[in-house]
Amino acid sequence: MAEEKNYQEAYEKEHIKTADLAERVAVLEAKNEELNFKLSRIKNNPLWKASAPLRRGMHFVIRQRDRLKNCGSIRGVLAKLDYKKIERKAMARYGTESFPDEARAKEERETVFDRMIKISILVPLYNTPEPFLRDMITSVLNQTYQNWELCLADGSDAEHGEVGRICREYIKKDSRIVYQKLLKNEGISGNTNECLKLATGEYIGLFDHDDILHPSTLYEYVKAVNEQDADYIYCDETTFKNGDINKMLTMHFKPDYAVDNLRANNYICHFSVFAKRLLEGEELFRSRFDGSQDHDMILRMTDRAKHIVHIPKLLYYWRCHEGSVASGIDAKPYVVAAAKGAVADHLRRHGFTHFQITSTRAFETIFKIRYEIIGDPMISIVIPNKDHAADLKRCITSILEKSTYENYEIVIVENGSETKEIFEYYTSLKEYDNIRVVTYEKPEGQNGFNYSAVNNFGVKQTKGDYILLLNNDTEVITVNWMEELLMYAQREDVGAAGAKLYYGNKTIQHAGVVLQLGAHRTAGHSHYGQSRENLGYMGRLCYAQNVSAVTGACLLVKKSLFEEVGGLDESFAISLNDVDFCLKLREKGLLNVFTPFAELYHYESVSRGLDDSGEKAERYNRESAHFREKWKTVLEKGDPYYNPNFSLDRSDFALKT
């Protein structure tokens, strides 16, 4: 009878909650319908249409204001100007100056690989301006690797007959160029699929009709096929203006393959080359995703690929002109809906249901993905503490008052406190059924505080399915912070999930960990010290992404995984134990995820002070040396999520100079 009563109470509780949510949905739908009606009436008003030039000017001013706002402060603006100065200085190295000289070009042309694969480069043409067309074809003809074919499918209208005439002119000079005039324009997807019918190569390359390849692009790609058995390859890229690749607008230096990054943002983009066998049973481009057909294709092909290789060299030049996607999302507004559809299709293939995809403040096609929380697992929040009653109280109070997730316990690991205030506070917490204080007794022979040992002890006292390591000097900002972390930590392919942490002045303390970053060449935090409003490098502060490690100041992981890898390595008493832990998870083939949608303050080092002098500095140096030795091979390879063109002396993604 008791079980039946409990079941009925739970049912009634959920029934009431569902009814409340349904009412809220109904109210929002009614408001949405009313707003759409008003918006439609405004847009059809002649005065609205006539004011278009004025509105464009106003929006330009707003965009500039927002760019300044995103810097966060005068200090942020100055830092941005400094970054741009470095970028402009570096740009000279990535344009024509980076092209191989005669000796190098000769060496590349004469290189004989074990696999001299043929690459079929597909280019759909549509009313292509003559200068763009000639530049594109010439950049292929200038490739140092010679075993290619250029497949051109022309959907141009009758008024642009010169497109076919120019193509036939080049065909007479080089038989590797294949051309077909289409009976009608099939759109970018249809025209590219027609290109594929012309292809005879083992590998397929996708190239836009108005862009330019670096002369060594195909050479580098074939080298990757031979050295790394690559079956999907991409490179770094830049946008340029005025027909001059040296007049760069934005250089994009990318991470290696990262599935969470790719779901949120088509960072791979150009220049995609892949083994033709990956297309078996698949379409190349699917017309229902026109506008974001490349994102759809990349998601499908990388799912099938065994060896995805990123070449960290700028080898693709993306022309920016009126009407191109490179000039802005406003040029093709249907791209947003197509991109959401492509990501949704990919997620469903991976078994995800009841997810939500929404645009972020960074860009319309940079997405936040909300995954469904499966079940109602208990989260055990482990907080080591010694004295500092005010800090702990602030932390606990923020969890109790702000958290929307209900099934959690808090295990405070008492570690040698001495003040009367802290024990009085512990006593006050006895009224909460889900808060416990356990005491860590330092074993004989242990010198000083050992963060790893204290946490390992605390984890052994927990009851939950998930462990959330949390510092006592943190304070919750985002009410659904636990859900935002749990949606990633519950995935079978994920190890640890970490939050976005700020100092009290709202500058970034943690946004993912980069290996080798910083003076000790161990690990450092990316975007360190930047404003909360900052969008990050290429919008990276606005979407969840894969990283090598996250900070133990707020880290969620399955308890089973924590135990499987042996918890925190107690030879790292204070520092780098969290990075070491994440690398152990990575060693098992698991992903670590940073999400900017779980936010907390972290008043770092309030509890234990800084590590910049005396014995603490010596200890940090010892632990750094130990870390470098333990993970020597990993460190030598570099951080896969941080492009090697970036400086390791700065955390703002500034380029090496």
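Colleague: Before we start, what does contact mean here?
Modeller: Contact means heavy atoms within 4.5 Å. And keep in mind that this is a predicted model.

Colleague: Fine. Which residues of H13 and H14 meet?
Modeller: From H13, Ala-389, Leu-392, Lys-393 and Ile-396. They meet Glu-421, Ile-422, Tyr-425 and Tyr-426 of H14.

Colleague: How do the axes of H13 and H14 cross?
Modeller: At roughly 25°, coming within 9 Å. The two helices are therefore roughly parallel. By class, their contact has 6 nonpolar and 2 charged residues, with no polar ones.

Colleague: On to H11 and H12. At what angle do their axes cross?
Modeller: Roughly 20°, and the axes come within 8 Å. So H11 and H12 also run roughly parallel to each other.

Colleague: Is that crossing left-handed or right-handed?
Modeller: The crossing of H11 and H12 is right-handed. H11 brings His-295, Asp-296, Leu-299, Arg-300 and Asp-303 to the contact. Ala-339, Val-343 and Arg-349 are among the H12 residues.

Colleague: New topic. How many cavities of 30 Å³ or more are there?
Modeller: A search of the whole structure gives 3.

Colleague: Which residues are closest to the centre of the largest one?
Modeller: Val-514, Ser-526, Arg-540, Val-547 and Tyr-641, out of 14 lining residues. Strands E19 and E21 each give two or more residues to that lining.

Methods
Residues are numbered from 1 along each chain as its sequence is written. This is a predicted model: local features need pLDDT of at least 70, side-chain atom pairs count only at pLDDT 80 or more; totals for chains, interfaces and linings use all residues. Side-chain values use heavy atoms; hydrogens and water are left out. Axes are lines fitted to C-alpha atoms, for helices over the stretch in contact, and angles run from 0 to 180 degrees between N-to-C directions. Helices (H or I, at least four residues) and strands (E, at least two) are DSSP runs, numbered from the N terminus. Angles under 35 degrees count as roughly parallel, over 145 as roughly antiparallel, 65 to 115 as roughly perpendicular and the rest as oblique. A crossing is left-handed if the near helix is turned anticlockwise from the far one by less than a right angle, and right-handed if clockwise. Ala, Val, Leu, Ile, Met, Phe, Trp, Tyr, Cys and Pro count as nonpolar, Asp, Glu, Lys and Arg as charged, and the others, Gly among them, as polar. On a 1 Å grid over the protein atoms alone, a cavity is a set of points where a 1.4 Å probe fits but cannot get out, and a pocket is an open set with protein on both sides within 12 Å along at least five of seven lines; lining residues have an atom within 4 Å of a point. Grid points are joined across faces, edges and corners, and a volume is the space filled by probe spheres set on the points.
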